[in-house]
Amino acid sequence: MAHVSNLIGADIEAYLAQHQNKSLLRFITCGSVDDGKSTLIGRLLYDSKMIFEDQLAALEADSKKVGTQGGSIDLALLVDGLAAEREQGITIDVAYRFFSTDKRKFIVADTPGHEQYTRNMVTGASTADLAVILIDARKGVLTQTRRHSYLVQLMGIRHAVLAVNKMDLVGWSRETFDTIVADYNRFAERIGLTSVLPIPLSGLTGDNVTTKSTQTPWYDGPCLMEHLETVEIDEARRVAGPFRLPVQWVNRPNADFRGFAGQVVSGRVKPGDAVRIAPSGKVSTVSRIVTKDGDLSEAVAGQSVTVTLKDEIDCSRGDVIAAAGDAPESSDQFETTLIWMSEEPALPGRPYWLKIGARTVSATITEIKHKINVNTLEELAAKVLELNEIAVCNISLDQPIAFDPYAVNPDMGGLILIDRTSNATAGAGLIHFALRRAQNVHWQSLDITREARAEIKGQKPAVLWFTGLSGAGKSTIANLVEKKLHSLGKHTIVLDGDNVRHGLNRDLGFTDADRVENIRRVAEVAKLMTDAGIIVLVSFISPFRTERDMARRMMADGEFYEVFIDTPLAEAEKRDVKGLYKKARAGQLKNFTGVDSPYEAPETPEIRIDTTKLDAAAAAALIVEKITG
């Protein structure tokens, strides 16, 4: 067997030149546990002679040590690189492998079959042109097969291969194959997966993998490799689409040059073409298309270039340069499909970072319309989203972004949500459309400013956000602070947690999701009151840092004071004026902060009151001194 490692010197240069201009197909393998995904990829690598000699030697040694083929070469070990995977004989992480034939280059992603690794499978599918969906011929279509097929369709993969594997274990039965294909096609039709090629094969023996098998004279279709080498890639469709170039970098090496660098994700562009900057709507004309190797007469989808414009217009990182006559939409509210990838549940009202292309903005999930049981396609009501769950949600941003629906252009309609505290990816989203309210609801211009309202009251507006455990003394101290401010002639209002739940928030309970919405509403009210020039005292447990930070960001600079009423849990529980801790300990009160729901103490509050050292009156005096001094 001639392996890549046998190439030296000029042979390597010739090899690289030969492969440079080949098309690239990205595909994934997915299916149920133990359907043989890793073995099939190993077979493709082995038969395409893309294994180095040292890899082959290591494979032979590992096969004897941890293989599942009785000492023979276990091709799955070429892909199952994690120790946990080798020990269990399953795929956990997404494993990417490159290989090449005379006709095409390939990057294959081996994605996990277990339901708890759905997020890994979505990651692998996000860049794929084709999916190989494996089915064990002995087991037929399983729940995980349906789940992965749904995800394939959801992620916009347009080509699928139904690889009925392990046909050697059912005697290459045509009846078995036909039954499985008919069963699968009924489900594929329900989810809109139309371009599916069924192939009977055996990854272990290689039948119908890289060459046609004599075991299936009744099958007249191509082998897997032949199909992979000839299937149409979506490059032509991307080039035929409207021009889109998300700006990744404003290239300004000197005062005489200003270009906008990025990758063309669809369409084509030439010097002289009219373009529109989204979301601003400014129009200009392309002057040059610059690359390291010189200017181009045209750039097409897939090329990374720097574009210069004839006019000095505002265009920044995250903006999109688009065809003037066919520009993308712009909006700050969308319906999306959201795939949740975090151990922390998705909570409506909680702020996240949203990244689409090179633009990052603040976002909140305003509504979970329904989640989807991907095994049955049933739509279910939901207040939160847990790890690996999928739902249709409305999302609101703090500023408009340019987009195309994901189904039209995945590069312009795919997004991720990022946890603001950990900076970890929390979810992946696929934009459906802009909500009509985003176009129909506009800010009304007002003549009287917030500064004018504050000036007539002779004070600076502020929000004093009292946070702490139940029984810490927040309401008592806030009441005393208001009395002192009132005696100084200040215009104030107290928003107390218990009082607000009698009216504005009477529809909310005490789940994490309801707590988030509770704080969001109160923060919005506090913001309106500061616009009126009022000093607002907010007395809420507000247990989560993320929501307190959200409230801070809503206020003008210097107008938000986080006041931490620091009382140890033991002391707060000892006071227990309302008897709530006793009920919580007895199991009569669920989701009670400090008992079975967490409290995240402020890390850098503007004011910290240690109630074990200061009584309420002294604490109130200290707070008034700090905000008026």
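Author: A contact means heavy atoms within 4.5 Å. Among contacts in the protein chain between residues at least 6 apart in sequence, 72% join residues at least 24 apart.

This is a predicted model: local features need pLDDT of at least 70, side-chain atom pairs count only at pLDDT 80 or more, and totals for chains, interfaces and linings use all residues. Residues are numbered from 1 along each chain as its sequence is written, and side-chain values use heavy atoms, leaving out hydrogens and water.

First, the setting. The protein chain has 19 helices and 27 strands. These are DSSP runs numbered from the N terminus: helices are H or I with at least four residues, strands are E with at least two. Buried residues make up 50% of the 629 residues. Buried means under 20% relative accessible area, exposed over 50%, and partly exposed in between, with a 1.4 Å probe and protein chains only.

Now the core. A nonpolar core is a set of buried Ala, Val, Leu, Ile, Met, Phe, Trp, Tyr and Cys residues joined through side-chain atoms within 4.5 Å. The largest one has 41 residues. Those with the most contacts inside it are Ile28, Ile133, Tyr150, Val152, Tyr184, Leu193 and Ile390. H7 gives the largest share, 7 residues.

Look at Ile133. Leaving aside residues up to four places away in sequence, Ile133 touches Cys30, Thr145, Ser149, Val152, Ala160, Val161, Leu162, Ala163, Tyr184 and Leu193. A second, separate core has 24 residues. Leu40, Val108, Ala163 and Ile199 are among them.

For contrast, turn to Leu480. Leu480 lies in helix H13 (residues 474-487). Leu480 is partly exposed, with a relative accessible area of 24%, so Leu480 does not count as buried. Leu480 touches Ala616, Ala617 and Ala620, not counting residues up to four places away in sequence. The C-alpha atoms of Leu480 and Ala617 are separated by 6.9 Å. Along the chain, these two residues are 137 residues apart.
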